[in-house]
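Student: Could you give me a close look at one part of this model, and then show me how the rest fits around it? I'd like the cut-offs spelled out as you go.

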Amino acid sequence: MANTGKKTKGKQKIEIKMIENQDDRLITFSKRRSGIYKKIGELSTLCGTEILFIIFSPAGKPFTFGHPSIEFIANRFLNGNIPVIDDMHALIEDHRTVRINKLIQLYNEVQSQIDASNETQRVLAQQITSGGDSNRWWETPLDQLNPRELYERYSHFSKLLDLFYISRSKKIATASSTVAPTGPAEDAPTNFPLS
């Protein structure tokens, strides 16, 4: 195996000095400004204090950052360190409450669907076990069924047919997405007789 060596210079130490070109300085500032704001926000969160930060671009344009907000810091400074009620915390709390209520509602809906599914599964298991091997619903002759039982049998067969169609469609979709067909498919017939 031949050694190809490094293809990149990797991490190198850069000398910190003033960027001479004005355009390059503006570009570097615009790229690093969001990172500076992020670090200031993390610092204020860790210290639990309010921060007002003003940074000037190389062109002399001021950029400000305030935590929790610039208005909060300005009002606190103008009112002589009197705490000002900040509506931002109430807004965040209201938003959190609405999200929690939506999640609770979604949880309750999913739980009711799971309960309904479990009940259906329990009823079907009970029907299967109570019928025994000789008294299954599909083995009873049609002439011995009343109209309600005929409708139930039709419903059961319809559900079974739907499951067959879904299973077949999934297999066809999987097969067609992985391998392009080369000839006529040797698959089950598409029409299932109902009677």
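Tutor: Let's start with the lining of the second largest pocket, whose residues divide into eight nonpolar, one polar and four charged. Here Ala, Val, Leu, Ile, Met, Phe, Trp, Tyr, Cys and Pro count as nonpolar, Asp, Glu, Lys and Arg as charged, and the others, Gly among them, as polar. Before going on, please keep in mind that this is a predicted model, in which local features need pLDDT of at least 70 and side-chain atom pairs count only at pLDDT 80 or more, while totals for chains, interfaces and linings use all residues. Residues are numbered from 1 along each chain as its sequence is written, and side-chain values use heavy atoms, with hydrogens and water left out.

A pocket is found on a 1 Å grid over the protein atoms alone: it is an open set of points where a 1.4 Å probe fits, with protein on both sides within 12 Å along at least five of seven lines, and lining residues have an atom within 4 Å of a point. The second largest pocket has 13 lining residues, and K17, I19, R25, T28 and R32 lie nearest its centre. Its volume is about 340 Å³, taken as the space filled by probe spheres set on the points, with grid points joined across faces, edges and corners.

Which element gives the most to this lining? Helix α1 (residues 22–47) does, with five residues. Helices (H or I, at least four residues) and strands (E, at least two) are DSSP runs, numbered from the N terminus. I27 also sits in helix α1. With a relative accessibility of 44%, I27 is partly exposed, since that term covers the range between buried (under 20% relative accessible area) and exposed (over 50%), using a 1.4 Å probe and protein chains only. Although 31 residues separate I27 from P58 along the chain, their C-alpha atoms are 9.7 Å apart.

Strand β1 (residues 51–56) and strand β2 (residues 62–67) pair in the antiparallel sense over six bridges; DSSP must find at least two bridges for strands to pair. I54 stands opposite T64 in β2, and I55 has F63 as its bridge partner there. Five residues lie between the two strands, and G60 takes a positive phi near 95°.

S57 lies in that loop and is buried, at 9% relative accessibility. Beyond neighbours within four places in sequence, S57 is in contact (heavy atoms within 4.5 Å) with F29 and F63.

I51, in strand β1, is buried too, with a relative accessible area of 15%. Not counting residues up to four places away, I51 touches I40, S44, F65, G66, H67 and I73. The C-alpha atoms of I51 and P68 are separated by 7.7 Å, across 17 residues of chain.

Stepping back, the protein has four helices and two strands, which run α-β-β-α-α-α from the N terminus. Of its 195 residues, 10% are buried.
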